[in-house]
Amino acid sequence: MTQLEDGITIDRACAMARVSRATYYRDWSEHEPRQAEVEFRDRLQRLCLDNPHYGTRRITALLRAEGMTVNRKRVQRLMREDNLLVLRRRRYVVTTDSRHTYAVYANLARDFRPAAVNQLWVADLTYIRLRECFVYLAVILDAYSRKVVGWELGETLEAELCRAALRRASEGRTIQPGILHHSDRGVQYCSGGYVQDLRDHGFVISMSRAGNPYDNALAESFMRTLKCEEVYLAEYRDLADARERIGHFLGEYYNRRRLHSALGYLSPEAYERHVEESAGQEAS
């Protein structure tokens with residue numbers, strides 16, 4: 001008799017849940033294939049990140065060595081769909097498409113060192129794995145304090161996701177015209193709507209050089225922290241669950257409690273308070 005992973009038979013599990021075997025198998029056929037596909041694609045992405053110089057043949061060999069039955073054509077198709085083929089030249093997963101006809105802007109943040117909050121904001125995107133699909137996270141950081149000042153989670157990579165994160169950031173901070181906004185050259189950040197939002201708030205626009213993710217190193221570093229300390233340790237049921245748990249990580253842990261060596265081992269919010277109190281003492 002077929003058993004589940006914890007040793008309970010399917011008949012016993014159905015009896016405990018008060019569902020029929022037919023209901024169990026119908027639910028399994030609806031969800032298990034999608035979950036398996038998401039798990040496979042997530043593993044594929046991680047292997048590509050760990051082995052940025054590997055092509056489809058070597059990645060296929062790694063997957064087979066882990067016991068997965070997969071052919072190279074499928075690996076090649078998925079790597080192309082997920083923009084992983086470029087990892088042979090760049091060590092990161094592309095979540096934005098820089099092949100567009102929108103205007104791009106010079107990198108003004110490359111040698112800029114903010115001396116206070118709200119002088120330089122950096123923006124970036126990443127993917128988050130759910131059980132049966134991927135969703136996308138747009139984040140904006142204050143480069144001076146490393147604080148997450150705005151974020152949004154959504155099911156698509158449309159520009160509205162980034163605009164929502166920008167709205168949240170702008171509503172939560174008092175900013176003056178002239179603040180620098182830095183991002184990559186992705187279509188989301190170059191779109192007419194996003195650029196107009198920046199201009200309406202008085203931002204000066206800065207963008208990374210083509211094909212150079214290290215121009216936005218602060219945002220890249222934050223995304224690694226997010227993945228290693230939250231995303232890779234969690235299994236999100238759905239978008240609502242991911243939104244709640246990632247929101248808690250960003251607002252309650254990262255901003256308020258996580259210590260940063262670059263901030264004298266203070267959290268972003270504690271560092272901002274420390275700077276403000278020090279300025280007040282000097283003024284008095």
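Q: How many residues does the protein have, and what percentage of them count as buried?
A: The protein has 284 residues, and 44% of them count as buried. Please note that this is a predicted model.

Q: And how many helices and strands are there?
A: The protein contains ten helices and five strands.

Q: What share of the contacts with a separation of 6 or more comes from residues 24 or more positions apart?
A: Such residues account for 61% of those contacts.

Q: Let us look at α7. Which of its residues are buried?
A: Helix α7 spans residues 192-200, and its buried residues are Tyr194, Val195, Asp197 and Leu198. These four lie on the same side of α7, because they cover an arc of only 155° around the axis.

Q: Which residue with a positive phi follows α7?
A: Gly202 follows α7, and its phi is near 80°.

Q: Changing topic: where is Asp241 found?
A: Asp241 is found in helix α9, which runs over residues 239-254.

Q: Is Asp241 buried or exposed?
A: Asp241 has a relative accessible area of 5%, and the cut-off for buried is under 20%, so Asp241 counts as buried.

Q: Which residues is Asp241 in contact with, leaving aside neighbours within four places in sequence?
A: With those neighbours set aside, Asp241 is in contact with Glu235 and Tyr236.

Q: Finally, what is the accessible surface of the protein?
A: The accessible surface comes to about 15900 Å², and 47% of it belongs to carbon and sulfur atoms.

Methods:
Residues are numbered from 1 along each chain as its sequence is written. This is a predicted model: local features need pLDDT of at least 70, side-chain atom pairs count only at pLDDT 80 or more; totals for chains, interfaces and linings use all residues. Side-chain values use heavy atoms; hydrogens and water are left out. Buried means under 20% relative accessible area, exposed over 50%, partly exposed in between (1.4 Å probe, protein chains only). Helices (H or I, at least four residues) and strands (E, at least two) are DSSP runs, numbered from the N terminus. The arc is that of the directions from the helix axis to the C-beta atoms. Contact means heavy atoms within 4.5 Å. Accessible areas come from the Shrake-Rupley method with a 1.4 Å probe; for residues, only the protein chains shown count as cover.
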